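Subject: Structure handover

Hello,

Here is the structure for your files. My notes on it follow below.

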Amino acid sequence: MALKWYIVHVYSGFESKVKMAMEERIAISANPGKFGEVLVPTEQIVELVKGKRKESSRKFYPGYILVNMELDDETWHIVNDTAKVSGFLGGREKPTPISDEEAEQILGRMEAGKLEPKPKFFFESGDEICVTDGPFKNFNGVVDEVNPEKGKIRVLVRIFGRSTPVELEFVQVSKL
């Protein structure tokens, strides 16, 4: 039987601890070969902290981890009996694995995040924002245009009672 990816619901905020506990349980189990990877789906993000660019990771499915395994009674119990695990997604007794395409999509998103970190916030035209860095710091404005490839947005900032277009980086603004 081949290994399949399953989504496991865990207590939010405990994803990494559950991953470590589960890996320990797998290592001492009778059949550790029935398991592949245990992953917390995260992506790298960039934000501005105290005027400096900072990279950090963000869970894009908080409260869930991915387990690559061969499902049988023994492996089901190893996963389900791990502390802070609420259960499998997709069925109480016989959970359904996610498709290979879905698994590839999630793994691809994790890899893409390592290569090119994403901004902490996503913007659309019409969003109200506050400038957090640069010469227009503390000005409020409205997003006019978004350029995700360059990581920049054009914002209409009110200066002396007139809307003035200003080009800023994603990390220089935050949503109101």
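Of the chain's 176 residues, 36% are buried, where buried is under 20% relative accessible area, exposed is over 50% and partly exposed lies in between (1.4 Å probe, protein chains only). This is a predicted model, in which local features need pLDDT of at least 70 and side-chain atom pairs count only at pLDDT 80 or more, while totals for chains, interfaces and linings use all residues. Residues are numbered from 1 along each chain as its sequence is written, and side-chain values use heavy atoms, with hydrogens and water left out.

Overall form

The chain has 3 helices and 12 strands; these are DSSP runs numbered from the N terminus, with helices being H or I of at least four residues and strands E of at least two. Its radius of gyration is 21 Å, well over the 16 Å from the globule rule for 176 residues, so the chain is more spread out than a compact globule. The radius is taken over C-alpha atoms, and the rule is 2.2 Å times the number of residues to the power 0.38. Along the principal axes, the C-alpha atoms fill a box of roughly 70 × 30 × 25 Å.

Among contacts in the chain with a separation of 6 or more, 59% are between residues 24 or more positions apart; a contact means heavy atoms within 4.5 Å. The accessible surface is about 10,700 Å², and carbon and sulfur atoms make up 51% of that. Areas come from the Shrake-Rupley method with a 1.4 Å probe, and for residues only the protein chains shown count as cover.

Charges and salt bridges

The chain carries 25 positive and 28 negative charges, whose mean positions are 8 Å apart. Lys and Arg count as positive and Asp and Glu as negative, with His and the chain ends not counted; each charge is placed at NZ of Lys, CZ of Arg, CG of Asp or CD of Glu.

There are 9 salt bridges, each being a side-chain nitrogen of Lys or Arg within 4 Å of a carboxyl oxygen of Asp or Glu.

- Glu15 and Lys59 form a salt bridge at 3.6 Å, N to O. Glu15 is in helix H1 (residues 15–27) and Lys59 in strand S4 (residues 52–59), so the pair ties together parts 44 residues apart in sequence. Glu15 is buried at 1% relative accessibility, whereas Lys59 is partly exposed at 34%.
- Arg58 and Glu43 form a salt bridge at 3.4 Å, N to O. Arg58 is in strand S4 and Glu43 in strand S3 (residues 42–49), so this pair ties together parts 15 residues apart in sequence. Arg58 is partly exposed, with a relative accessible area of 23%, and Glu43 is buried at 2%.
- Arg154 and Asp144 form a salt bridge at 2.9 Å, N to O. The pair links strand S10 (residues 152–159), which holds Arg154, with strand S9 (residues 140–147), which holds Asp144; the two residues are 10 apart. Arg154 is partly exposed at 33%, and Asp144 is partly exposed at 30%.

Leu176

Leu176 lies in the segment after strand S12 (173–175) and is exposed at 60% relative accessibility. What does Leu176 touch, leaving out residues up to four places away in sequence? Its partners are Glu128, Ile129, Cys130 and Asn140. The C-alpha atoms of Leu176 and Ile129 are 5.1 Å apart, although 47 residues separate the two along the chain.

Regards
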